[in-house]
Amino acid sequence: MLGVGLMFISKLFVLQVYDPSYKLSAESNTRRKVTQFPSRGLVYDRNGKLLVSNQAVYDIMVVPRDIVPFDSIDFCQSLDIQIEDLRAMFVEMRKNIKSRKISSYKPSVFYKQLSAESYGRFQEKLYKFKGFFVQGRSVRKYEYPLAAHVLGYLGEVGQSRLDKDAYYSKGDYVGISGIELTYEKELRGRKGNKFVMVDVHGRDKGAFREGRYDTAAIAGNNLTLSLDIELQEYAEQLMQNKIGSIVAIEPSTGEILSFVSAPGYDPSVLVGRKRGEGFLNLASDSLKPLNNRALQGTYSPGSAFKLVNAAIALQSKSINEYTKFDCDGPLSSPIRCTHHHRTPIEAHGAIETSCNPFFYGAFRYTLEGGGRNTREGYKLWYDHVKSFGFGERLGIDLPYEIKGNVPHISLYDNIYGENHWRAITVRSLAIGQGELLVTPLQMANEASIFANRGHYFAPHLVKQIENRSLADNYTTQISTTIEPENLDEVIRGMGDVYDGEIGTARYYKNDSITMCGKTGTVENPFGDDHSVFIAFAPRENPKIAISVIVENAGYGSTWAAPIATLLMEKYIAGEIPKRHKYYEKKMLEGDFINGQ
């Protein structure tokens with residue numbers, strides 16, 4: 001009798017303490033814990049227009065231990081899937097159980113993101129499929145087919161995130177790119193739990209103990225972006241069938257008004273059950289629409305960088321407003337000029353006409369004038385350039401920003417040997433070529449610096465966060481090493497680009513808006529030159545600073561300049577003047593992808 005008693009006690013110990021399967025099975029036959037997923041925060045543009053909302057979908061959950069034989073044909077018809085798909089799901093489930101990724105006794109996702117229509121059809125027959133139940137969640141709904149690189153997309157949480165953050169469970173969705181990633185914690189909200197009574201068929205029989213153990217889900221915080229969605233739409237239209245980017249900034253705040261990487265894509269293709277197929281199509285596209293060219297593309301800035309070199313030469317007293325250099329056009333040496341203009345020429349005239357020999361002369365004086373040796377002069381130049389934010393991440397609230405490159409003095413020491421190189425050796429830097437690489441965001445920030453007469457605010461896309469203030473770095477003024485008075489001559493030249501008799505953007509002058517800009521035609525070793533333009537407007541109290549790059553489009557004055565001008569007119573005046581309708585039509589119809 002003692003032995004039998006010990007046997008029963010041992011078995012009860014195993015059943016109740018060591019092996020929880022009967023306890024879990026009993027609990028699952030009476031009550032079920034259902035995760036209540038919060039709605040992600042909504043996203044609005046700067047004018048209060050809704051950009052991103054939520055829509056309901058449903059996941060079919062399974063407790064593998066509770067499954068009993070069922071009519072698989074009926075199951076497949078309810079979900080509108082093939083029997084081969086169902087078999088593959090069971091193979092995957094068994095593999096995950098064997099590898100202990102899921103438990104036989106706890107719910108896990110069996111079929112993701114069922115539509116509301118399919119859910120209604122499946123719910124009617126759910127009682128036939130013991131071990132299965134439905135759990136609601138929400139996915140993103142994009143109100144406009146725009147700004148995909150800004151908004152980003154969601155994806156299933158990876159193992160590394162699961163290991164780092166206990167908030168997430170397998171099958172959860174998380175921000176993968178864009179503001180969805182940067183502001184994940186603000187947008188995601190907080191999960192809740194609901195306990196429901198269930199019968200032997202797994203059917204919901206109401207709240208467990210009147211809901212006393214339930215916890216409510218808390219919705220995520222809403223975001224207000226600095227984007228103007230109407231300007232964004234117009235910018236994307238102008239860049240249709242082109243490769244390149246547009247970044248427009250409000251100089252007084254650093255708020256980004258428009259952010260375009262072309263070609264782009266409709267963000268809704270990465271939502272729902274077809275997300276995987278949509279992602280594969282985008283990833284295999286030879287035009288690489290998933291690449292964020294505005295943030296990660298690096299280019300030689302070309303003539304747009306001449307503004308920086310002029311400002312540095314004036315700041316270092318290497319030249320003044322009266323300093324002139326001769327220009328022999330195509331016969332100039334060691335850098336030839338591609339424009340026809342008067343000679344000799346001073347700083348503001350050289351900016352108006354984009355005279356290469358002038359900027360080589362100013363660059364040489366910066367590096368070797370005033371008794372400086374080349375290394376001292378280069379260090380002076382390098383520090384000034386870095387103060388503009390070049391060669392650094394500006395800190396935009398988007399992931400994966402690229403720094404670009406401002407070549408350090410050690411690079412040329414390694415190539416040529418210390419004290420064995422001169423200004424003429426690195427003369428390409430004088431006209432924004434050579435080893436210098438910048439991003440479109442940095443070029444828009446350059447335009448913003450000149451608009452602000454020497455300072456900037458870190459560019460950012462979120463204007464307001466519900467229940468939270470913006471990070472301090474987005475409201476802190478950052479000053480360059482250039483004094484405002486040394487920018488006057490540069491800004492005068494930028495104005496003459498539009499207003500001068502031979503200004504490189506004179507054809508796009510607006511009689512009611514005073515604009516300042518600089519064209520650039522960037523040499524491209526892999527094909528046709530890139531068309532570049534940076535600008536701001538109006539000249540006094542600027543409202544917008546902009547950079548435009550159209551790859552393989554040739555002269556900056558032909559494509560990038562009119563696109564930038566049209567966008568500034570659209571933002572400031574709300575309409576395009578009649579005399580510019582011709583250019584608008586040309587820009588909208590221009591096609592550099594299909595060869596038209």
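This note sets out numbered points on the structure shown above.

1. **Basis of the model.** The model is a predicted one, in which local features need pLDDT of at least 70 and side-chain atom pairs count only at pLDDT 80 or more, while totals for chains, interfaces and linings use all residues. Residues are numbered from 1 along each chain as its sequence is written, and side-chain values use heavy atoms, with hydrogens and water left out.

2. **Helix H19.** Helices (DSSP runs of H or I, at least four residues) and strands (runs of E, at least two) are numbered from the N terminus. Helix H19 covers residues 488-499, and its end C-alpha atoms lie 16 Å apart, in agreement with the 16 Å that twelve residues should span at 1.5 Å a residue. The expected span is 1.5 Å times one less than the number of residues.

3. **Cover of H19.** Nine of the twelve residues of H19 are buried, so the helix is mostly covered (buried means under 20% relative accessible area, exposed over 50%, and partly exposed in between, with a 1.4 Å probe and protein chains only). Among the buried residues are Glu489, Met494, Asp496 and Tyr498. Their cover includes helix H13 (306-315), helix H18 (440-451), strand S16 (516-522) and helix H20 (560-573).

4. **Nonpolar cores.** A nonpolar core is a set of buried Ala, Val, Leu, Ile, Met, Phe, Trp, Tyr and Cys residues joined through side-chain atoms within 4.5 Å. The largest such core has 131 residues, and those with the most contacts inside it are Phe259, Phe358, Trp381 and Phe450. A second, separate core of 20 residues includes Ile60, Phe75, Met93 and Leu126.

5. Contact means heavy atoms within 4.5 Å. Leaving aside residues up to four places away in sequence, Trp381 touches residues including Phe305, Ile312, Phe363 and Leu429. Ser303 sits in the loop between helix H12 (293-296) and H13 and is buried, with a relative accessible area of 10%. With the sequence neighbours up to four places away again not counted, Ser303 touches Ser354, Ile431, Lys518, Thr519 and Gly520.

6. **A nonpolar surface patch.** Leu2, Leu6 and Ile9 make a nonpolar surface patch of about 350 Å². Leu2 belongs to helix H1 (residues 2-18) and counts as exposed at 68% relative accessibility. Patches are made of residues with over 30% relative accessible area and no salt bridge; like charges are joined within 9 Å, and nonpolar side chains (Val, Leu, Ile, Met, Phe, Trp, Tyr) within 5 Å. Accessible areas come from the Shrake-Rupley method with a 1.4 Å probe, and for residues only the protein chains shown count as cover.

7. **Salt bridges between separate parts of the chain.** The whole structure holds 24 salt bridges (a side-chain nitrogen of Lys or Arg within 4 Å of a carboxyl oxygen of Asp or Glu). In one of them, the closest N and O atoms of Glu180 and Arg40 are 2.8 Å apart. Glu180 lies in helix H8 (residues 178-182) and Arg40 in the loop between strand S1 (31-36) and strand S2 (43-44), so this pair ties together parts that are 140 residues apart in sequence. Glu180 is buried at 2% relative accessible area, and Arg40 is buried at 9%. Arg40, Arg140, Glu180 and Glu184 are linked in a network of salt bridges.

8. **Two further pairs.** Asp74 and Lys125 also form a salt bridge, at 2.8 Å from N to O. Asp74 is in helix H3 (residues 72-79) and Lys125 in the loop between helix H5 (116-123) and strand S5 (132-142), 51 residues apart. Asp74 counts as buried at 9% relative accessibility, whereas Lys125 counts as partly exposed at 26%.

9. **Backbone features.** Cis peptide bonds join Ala262 to Pro263, with omega about 0 degrees, and Ser333 to Pro334, with omega about 5 degrees. Pro263 is in the loop between strand S12 (255-262) and helix H11 (275-284). Gln113, although not a glycine, has a positive phi of about 50 degrees; this residue is in strand S4 (residues 108-114). Ala147, likewise not a glycine, has a positive phi of about 55 degrees and is buried, with a relative accessible area of 4%.
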